[in-house]
Amino acid sequence: MKKVELINVSKSYDKQVDVISNINVTIEPGEFFVLVGPSGCGKSTMLRMIAGLEDITGGTLKIGEQVANHLSPDKRDLSMVFQNYALYPHLTVQQNITFGLDVKRMKKDEQKRKAEEVAQLLGLTEYLGRKPRELSGGQRQRVALARAIVSETPICLMDEPLSNLDAKLRAHMRSEIRRIQRSLGITMIYVTHDQVEAMTMGDRIMILHEGKIQQIGKPIEIYNHPANPFVATFIGSPPMNLAEAELDELNSQLLIGNDLKLPLPEGDYSELSKRLLTVGVRPENLHPVTVETAAGSSFEVTVTNVEVLGNETIFSFQVGASEWMAKWTGQWHINIGDRLPIQMDFATLSIFDREDGQLLKKTIDQSHHVTQHEVGK
Amino acid sequence: MKTSLPAKIWMYFLLIVTSLLVFFPVLYAFMISFMTGPEIIQGRFIPRSLSLENYVKVFERLPLLGYLLNSFIVSISVMLGQLVVCSLAAYAFVFFKFKGRDFIFFLFISTMMIPWEATMIPNVFTMRKLDWFNTYQGLTLPFFALAFGTFLLRQHFLTIPKELHEASQIAGLSRFKFFWKVVLPISKTSLVTLGAYGFLTTWNMYLWPLLITTNQSVRTVQIGLKQLQSQEIATEWGVVMAGVIVVIIPTLLLLFIGQKQLQKGLSQGALK
Amino acid sequence: MNTAGSLWRRSINGRTALLYLLPSIILFSVFVFYPMFRTIYLSFFLTDQAGNAAINVGIENYQYLLGSSEFQNSMKATVLFVLYTVPIGVILALFFALLANEKLKGIGFFRTMYSSTMGVSVAASSVIWLFMFNPSIGMFNRLLHSIGLPQIQWLLDPEWALLSVSMSTIWMNIGFSFLILLGGLQNIDEHLYESARIDGAGYFYRLRRITLPMLSPTLFFIITISLINAFQTFGQIDILTKGGPSQSTNLIVYSIYREAFINYQFGTASAQAVILFVIILIVTILQFKLGERKVHYQ
């Protein structure tokens, strides 16, 4: 186990604009750390900089306690799994697995023992003699994984390792990778564009956008308290609904998208009233109106689209200039064009500064605890 | 695809007639190589007996065995030399990023526009200065670098995923070991194509050996054929043809075995 | 870290790459670039027997060549030779390649037969054809005799010699052109033909609308190579005619060879070599320019 520390790391090509800038993060020993962001956000570049495959043009990279900026990739004591697996086509599965050990001149029988051990762990035993082209996509992925594990390096980097697999296999491999990482205690840095992978696998995740850190934190923390509108819409499916809003302190209400008026609970809103606002609300926080619904916090909307998914129903409607979605559990008979009353609670809103995207008001904590009564529902 | 029967018969007819026409000169030479002088003058096509007399004679008249050996040494040296030099250059073009790469690449392309025959005069002088007349290095070394061969291998190297390179960097493989242990084994088919091509063209080379071999020490079979033909003119064609058959057998065999591979490899190298 | 040191470190890639390129660069410099410049240099001089530049004559060598009927003759023969060999050679090879691309039983055998001439060296082919052209016992005159036509002095008649050499050359080059064209044909996606068949297109329609357009890069390549090869012809001339009779087959490379290594006129030989270089340069550039516009790349 080793920690990885990035201090003010940046990357530019030909001294032009930085493609990555001001990266400050410490990845703790044994942590499963996920780098997530849309394609082109710089996450792969960052991983490759940690691996030593790209030069670091600014800042310091520390692996363990050692400055690693100019270490060659093989001196960094790490392993890497590539998106296309990078298996050597002319070598057998066993030779592929032991490739790195062979480079380090490990004894042959020792190599063989280790290969068999790791093949056992990943269910590859009967394929050890085959060439990569004789394997299925999932098996190749396992070989790539085996190659990383067998090196017994304290740090493992993975660059979208599951994106070439079909959905079912992907879900299975998610938990398998997580299981192996936990049992071996490796420090894992995992790159993906898939927010589901990030949410389900990461101890902590870092969201990158245009080469800048948007937010670092535990998945649930990020889901509940996105630092800015980008994170809010990137994490969660369907994404958080956003709309421009204004605070009307005189009437003690929030005007959302020039359309909905939400009464404000008691409190001090002087911070909010000075700025232009963007409000966000998760689709699951737009509820059907019930008997207890407080007067004034319900609205009538016109349904523009409906998807019934068996255990939940998602429908969309227009708020100001933006299209919003609501997610109700269960199956609802809703038709396009229906006028529907929905309710929204001020407490569940996230409010951002429209200019710099900063989070001004967090939503309340909504987690449930099995042993206790439901909190804040 | 299904072809109708009349079309098939028509196709086979064309195939048989034209391929026989193409192959006829070789077949004819083969037949003549077994004939005696009178048989040839009679104008027979099929020899009376498969007597190897002409073959025995041709090895007596000429140091043909020595020439064959020279041709083998020269062809195999050029083949290996080209494989080494071209694969090294192709590797640099594909797996290194460096300033001036485009310029050097352009230099390689430009060598394809300079015909060998336009440079042969100074090359002969160079050989004289180096005292490389009648030496193997004089026959082989000038042909080790080959732009076509470099491009052919480069095409193949370009298909190797860059992640393979990165994975071996992480495993701690040196640049040269990656070339040796990964790139070359993966590119076996292209190497075989280039090797066969190099062997074939060197075995058949005529002008250069003519210019720089002045005695029998390293003379190749092609020049031997010229010698044979000018000695034996009009008298013993059977012996001459026996020489021809001996000379073309290695390359024909190579071609028959590697025809499929050559055709695939060369057309890939030809078109980028 | 000072800048020079960091530049040195950063250029490590370039320096290692150069190491891999060095064998090629040295060989090209010694055996291609240096002699090319040396040839151009020599073409402005009169030389001694050892090939050293003796007297600078400016462009006199070129003026002499352009005025000499011998050289004009050689150029004319070269151009005619190219015209005789390239179009027919390519068309025949294309025809054979189309035939051999059909999926029939035993097609591999026919492919081997067609490509066989690639395995026969220029010297060996020339000797075989020399025999076939033999006026008294050669096959061609026997054939003419048997159908009652007058005999032809194939290689001895100035009217026929160039044609005879062209015939043998076409044969020699067919194997290579065939192999390349067959490779090109096999690279064409089978689905194109299937969809054309569904549309009910006949053989010649498919040939014109699918095969030839899709094959055009390969055709373009083989035409260029054939042109360049034709300009570089030497071996068959040396064995079949030695440039004769009355210089009717004195193609440019043979002319250079004779001028340099028989007459020891290295200056004028170099001037001819420069002209050969310029011709091939023009052919290549023209082909590129034309090809870029006309050729359909996949």
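**Chat about the chains**

Tutor: Let's begin with a distance: the C-alpha centres of domain 1 of chain A and domain 2 of chain A lie 39 Å apart. Keep in mind that this is a predicted model.

Student: OK! Which residues belong to domain 1 and domain 2 of chain A?

Tutor: The domain assignment puts residues 4–229 in domain 1 of chain A and residues 240–361 in domain 2 of chain A.

Student: And how many residues does each domain bring to the contact?

Tutor: Domain 1 of chain A brings five residues, while domain 2 of chain A brings eight residues. On the domain 1 side, three residues are nonpolar, two are polar and none is charged.

Student: What about chain A as a whole, how many helices and strands are there?

Tutor: Chain A has ten helices and 21 strands. Its C-alpha atoms fill a box of roughly 80 × 45 × 40 Å along the principal axes. Of its 377 residues, 37% count as buried.

Student: Let's look at the sheets. What is the strand order in the one with mixed pairing?

Tutor: That one is an open sheet of six strands in chain A, in the order 6-7-8-3-9-10. Strand 6 and strand 10 of chain A are the edge strands, each pairing on one side only. From one strand to the next, the twist averages 15°.

Student: Can we walk across it? Parallel or antiparallel: how do strand 6 and strand 7 of chain A run?

Tutor: Strand 6 of chain A and strand 7 of chain A (residues 155–159) run parallel, and four bridges join them. A:Leu78 stands opposite A:Ile155 in strand 7 of chain A. Helix 5 of chain A (residues 137–150) packs on the sheet there, touching strand 6 and strand 7 of chain A. The direction of helix 5 makes about 175° with that of strand 6 of chain A.

Student: Moving along, how many bridges are there between strand 3 and strand 9 of chain A?

Tutor: Four bridges, in the parallel sense, pair strand 3 of chain A (residues 32–36) with strand 9 of chain A (residues 204–209). In strand 9 of chain A, A:Met206 is the bridge partner of A:Leu35.

Student: And what stands opposite A:Met206 in strand 10 of chain A?

Tutor: That would be A:Ile216. Strand 9 of chain A and strand 10 of chain A (residues 212–217) pair in the antiparallel sense over five bridges. They form a hairpin with two residues between the strands, where A:Glu210 takes a positive phi near 50°.

Student: Nice. Now the antiparallel sheet of chain A, what order are its six strands in?

Tutor: The order is 13-12-11-14-20-21, and this sheet of chain A is open as well.

Student: Why is one side of strand 13 and of strand 21 of chain A left without a neighbour in the sheet?

Tutor: Strand 13 (260–263) and strand 21 (359–361) of chain A stand at the edges and each has a single partner strand, so one side of each has no neighbour in the sheet. Neighbouring strands of this sheet are turned by 40° against each other on average, direction ignored. Further in, strand 14 of chain A (residues 277–281) and strand 20 of chain A (residues 350–353) pair in the antiparallel sense over four bridges. There, A:Gly280 stands opposite A:Ser350 in strand 20 of chain A.

Student: Switching topic: which chains have the most contacts between them?

Tutor: Of the two pairs of chains that touch, chains B and C have the most contacts. There, 77 residues of chain C are in contact with 72 residues of chain B. Helix 2 of chain C (residues 12–42) gives the largest share of the chain C side, 18 residues. That side divides into 52 nonpolar, 20 polar and five charged residues.

Student: How far apart are the closest C-alpha atoms of chain A and chain C?

Tutor: They lie 10 Å apart, and no contact joins chain A and chain C.

Student: Last one: what covers the buried residues of helix 9 of chain B?

Tutor: The cover includes helix 1 (43–51), strand 6 (78–81) and helix 3 (99–103) of chain A, together with helix 10 (175–186) of chain B. Among the buried residues of helix 9 of chain B (residues 162–171) are B:Leu164, B:Glu166 and B:Ile170. Just after this helix, B:Gly172 takes a positive phi of about 95°.

How values were computed
Residues are numbered from 1 along each chain as its sequence is written. Chains are lettered from A and ligands numbered from 1 in the order in which they are written. This is a predicted model: local features need pLDDT of at least 70, side-chain atom pairs count only at pLDDT 80 or more; totals for chains, interfaces and linings use all residues. A residue is buried if 20 or more other C-beta atoms lie within 10 Å of its own, exposed if 12 or fewer, and partly exposed in between; C-beta atoms are placed from the backbone. Two residues are in contact if their C-beta atoms, placed from the backbone, lie within 7 Å. Ala, Val, Leu, Ile, Met, Phe, Trp, Tyr, Cys and Pro count as nonpolar, Asp, Glu, Lys and Arg as charged, and the others, Gly among them, as polar. Two strands pair if DSSP finds at least two bridges between them. Axes are lines fitted to C-alpha atoms, for helices over the stretch in contact, and angles run from 0 to 180 degrees between N-to-C directions. Domain bounds come from an automatic or database domain assignment.
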